[in-house]
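Subject: Structure for you to look at

Hello,

Here is the structure I said I would pass on. Please open it first, then read the notes below it.

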Amino acid sequence: MRLYEYLHDVKGHGEDSFTEIGGIYKDVKKRNEEWLKTHGWDLVNMGVVRTVYKDYLISKHKLPVGLYAMGTDTFFERLFDVLLNVQSHKEMASAKTVELALDDLRRIINAVCFWNESEYRDYDEYITYTLITRSRYDRYADIAYQILLSNEGKTDGERLNDVYDVMRPMCRVFFCYSLMYARQIYEIHDLMHRVYQMTADFQTNKGGIITKLSEKASNNDIDWFKSNCIGQAIAYNRVWKDIVCLLSAYLDERDAGTPLDSLMKKFAWGGYDIEHIHANANTDEGADIDETLQNGIGNLMLLEPDINRSISNLPFREKTNRADGKPCYKDSRFASAWKVMQNKTWGKEEIIKRKEDEIRRISEFLFN
């Protein structure tokens with residue numbers, strides 16, 4: 001209703017603005033109904049549309065970057081207060097220049113539909129987006145919409161290329177800083193707010209955005225990062241173990257030539273557990289593995305939940321091939337399990353070797 005009030009009272013539009021707004025919502029409902037015939041989720045969520053519109057307005061009108069962190073409802077309440085001369089807000093002092101248009105709302109809906117309808121074209125796009133959404137900074141996956149609003153005149157392929165050209169270095173920034181800290185930090189939010197502001201003129205700023213993100217990903221001591229982040233005990237931190245083990249498993253699946261659709265099914269939320277290959281709880285295996293090795297990437301891998309429950313703390317030789325026929329590594333769909341099974345034993349020496357291999361491979365993915 002406040003949008004209609006703004007269009008009618010401030011912009012001087014006629015009564016048909018109310019009908020136009022209703023038509024936009026009817027169009028969204030129609031698109032969702034059609035999409036739901038073949039999918040289990042809505043194509044367009046108006047809450048997402050409003051958040052994208054908020055970020056678009058902040059970028060386009062160069063409003064204070066702190067407004068990106070403001071809740072969408074609060075942002076629009078205060079924005080309409082200012083535009084309708086109801087009440088002033090200190091943080092919205094420069095918002096009087098903002099102009100709202102139904103055409104922009106339609107463009108945003110189209111951008112959301114385009115992105116949600118698009119499919120991954122290769123392994124790289126899939127793991128890039130997946131690692132972003134599993135990081136501590138998943139909210140910034142929405143930058144895709146801001147980029148798509150800037151390149152509507154390009155081909156579909158070119159539009160997606162623009163998005164992933166930015167997401168690749170962004171993925172590496174989020175991966176590194178999700179591992180370096182056990183929480184979100186202001187430094188990365190500030191970086192992304194400034195990147196978002198650059199999307200208002202994305203076609204001009206694309207190179208600068210990529211450079212800014214690439215430099216941030218590589219400005220840490222790489223040797224320190226290898227040993228103290230990738231090589232640390234990660235099992236007790238959900239984000240650490242998920243993104244490191246996921247990337248490790250991805251590299252194994254890629255090397256094994258797993259089809260992309262199968263890879264996506266394996267990595268879906270709820271489709272895997274994190275398995276400790278060596279079980280310190282089993283005294284038959286020996287308990288000489290220190291905590292860092294036991295809970296680090298050298299001893300962790302993705303495994304199906306049912307197999308993980310079935311093998312529990314069995315010795316390694318039984319985890320690989322059980323005489324009782326119950327599920328074990330040989331029944332796994334994961335390439336990592338089959339790779340580990342090539343070992344006849346699994347102790348300190350094997351864990352150290354795998355840890356070194358995984359640190360090398362993950363570092364190559366991140367920094368080369």
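How many positive and how many negative side chains does the protein have, and how far apart do the centres of the two sets lie? There are 50 positive and 58 negative side chains, and 1 Å separates the two centres. Please keep in mind that this is a predicted model.

Now the overall picture. The protein has 368 residues, and 51% of them count as buried. Its C-alpha trace spans about 80 × 45 × 35 Å along the principal axes. You will find 18 helices and 2 strands in the protein. If you take the contacts between residues at least 6 apart in sequence, 70% of these join residues at least 24 apart. The accessible surface is about 17,400 Å², and carbon and sulfur atoms account for 49% of that area.

Next, the cysteines. The number of disulfides in the structure is 0. Cys176 takes part in none, and the nearest cysteine sulfur, in Cys229, is 7.9 Å away. A disulfide needs two cysteine sulfur atoms within 2.5 Å.

Are Cys176 and Cys245 buried or exposed? Cys176 has a relative accessibility of 1%, so it counts as buried. Cys245 also counts as buried, because its relative accessibility is 2%. The cut-off for buried is under 20%.

Regards

Key
Residues numbered from 1 in each chain as written. Heavy atoms only, no water. Buried < 20%, exposed > 50% of the residue type's maximum accessible area, 1.4 Å probe, protein only. Helix = DSSP H or I, 4+ residues; strand = E, 2+ residues; numbered from the N terminus. Contact = heavy atoms within 4.5 Å. Areas by Shrake-Rupley, 256 points an atom, 1.4 Å probe, with all protein chains shown as cover. Lys, Arg positive; Asp, Glu negative; His and termini not counted. Charge placed at Lys NZ, Arg CZ, Asp CG, Glu CD.
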